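Let's walk through this model together, asking at each step what stands behind the words we use for it.

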Amino acid sequence: MKNFKEWISERVAKSMTKSFLPMSTRVKLHQPFYGLSDEQFLKAKIADERDVDGILQIERLCYNGQTPWNRTAILHEIRYNKNAFYIVMYDDDEPVAFVGAWFVTHEAHITNIATIPAYEKKGIATYLLKEIIRIAQEEDIAKVTLEVRMSNHTAQSLYRTLGFEDVRVKKGYYARDHEDALEMSHPLEKAAEETIYEE
């Protein structure tokens with residue numbers, strides 16, 4: 001067990017790290033690869049500026065050539081938003097999936113998650129969501145939230161399987177077609193406190 005001074009020192013250091021270091025710098029992936037089969041693995045990494053083109057390529061393949069988050073927006077997120085980070089999945093050098101999230105105060109909000117059609121139904125989205133949930137737990141976040149199209153029943157089913165609950169409907173949420181969104185939330189158990197000290 002730690003003595004009181006050691007415990008306080010560790011807590012202060014952790015708090016200062018959270019205050020000053022960008023999420024993209026301090027986040028570590030639990031498993032930086034994902035196995036599709038016995039011989040095929042995807043590589044996962046925290047995105048930096050070199051991954052922007054790959055993220056845009058995934059968006060185009062998933063959204064009929066559109067980029068809901070354009071180059072300027074994604075570059076700003078990666079370069080300047082210290083509360084945001086992206087995880088990108090590659091098959092060799094081909095970008096196949098990504099997730100973006102904001103970690104603010106007691107909430108982790110998933111801003112976007114996409115897997116290109118050829119790689120759907122292989123568990124990749126589940127892997128990405130579990131990484132976000134795990135990181136949120138390590139950061140003592142109270143809940144993970146997201147929005148999903150009301151028509152996307154497949155995604156809603158996946159989210160519920162992972163512990164997300166329906167919160168409310170947001171009318172006309174999506175700018176391009178004004179479809180409603182379902183807000184969902186995954187409450188997280190607070191990490192158990194360490195044994196404080198012994199004299």
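Q: How many cavities of 30 Å³ or more does a search of the whole structure find?

A: The search finds 1. Bear in mind that this is a predicted model, where local features need pLDDT of at least 70, side-chain atom pairs count only at pLDDT 80 or more, and totals for chains, interfaces and linings use all residues. Residues are numbered from 1 along each chain as its sequence is written, and side-chain values use heavy atoms, with hydrogens and water left out.

Q: What makes a space a cavity, and what makes it a pocket?

A: On a 1 Å grid over the protein atoms alone, a cavity is a set of points where a 1.4 Å probe fits but cannot get out, while a pocket is an open set with protein on both sides within 12 Å along at least five of seven lines. Grid points are joined across faces, edges and corners, and the volume is the space filled by probe spheres set on the points.

Q: Which residues line the largest cavity?

A: They are Ser24, Ala47, Glu77, Ile78, Asn81, Ala84, Phe85 and Tyr86; a lining residue has an atom within 4 Å of a point. Strand S3 gives the largest share, 3 residues.

Q: What is the make-up of this lining by class?

A: It has 5 nonpolar, 2 polar and 1 charged residues. Here Ala, Val, Leu, Ile, Met, Phe, Trp, Tyr, Cys and Pro count as nonpolar, Asp, Glu, Lys and Arg as charged, and the others, Gly among them, as polar.

Q: What lines the largest pocket?

A: The lining has 36 residues, with Tyr63, Asn112, Ile113, Ala114 and Asn152 nearest the centre of the pocket. S5 supplies the largest share, 7 residues.

Q: Why are S1 and S7 placed at the edges of the sheet?

A: The 8 strands form an open, mixed sheet in the order S1-S2-S3-S4-S5-S6-S8-S7. S1 (33-35) and S7 (165-170) each have a single partner strand, so one side of each is left without a neighbour in the sheet. Strands (E, at least two residues) and helices (H or I, at least four) are DSSP runs, numbered from the N terminus.

Q: How do you know that S3 and S4 pair?

A: Pairing requires at least two DSSP bridges between two strands, and 8 bridges join S3 (84-91) to S4 (94-104), which run antiparallel. Ile87 stands opposite Val99 in S4.

Q: Where is confidence lowest, and where is it highest?

A: On the pLDDT scale, the predictor's confidence in each residue from 0 to 100, helix H1 (residues 4-20) is lowest at a mean of 49, and strand S8 (residues 181-187) highest at 98. The chain mean is 87, and 85% of residues reach 70 or more. Where pLDDT is low, the predicted coordinates should not be read in detail.
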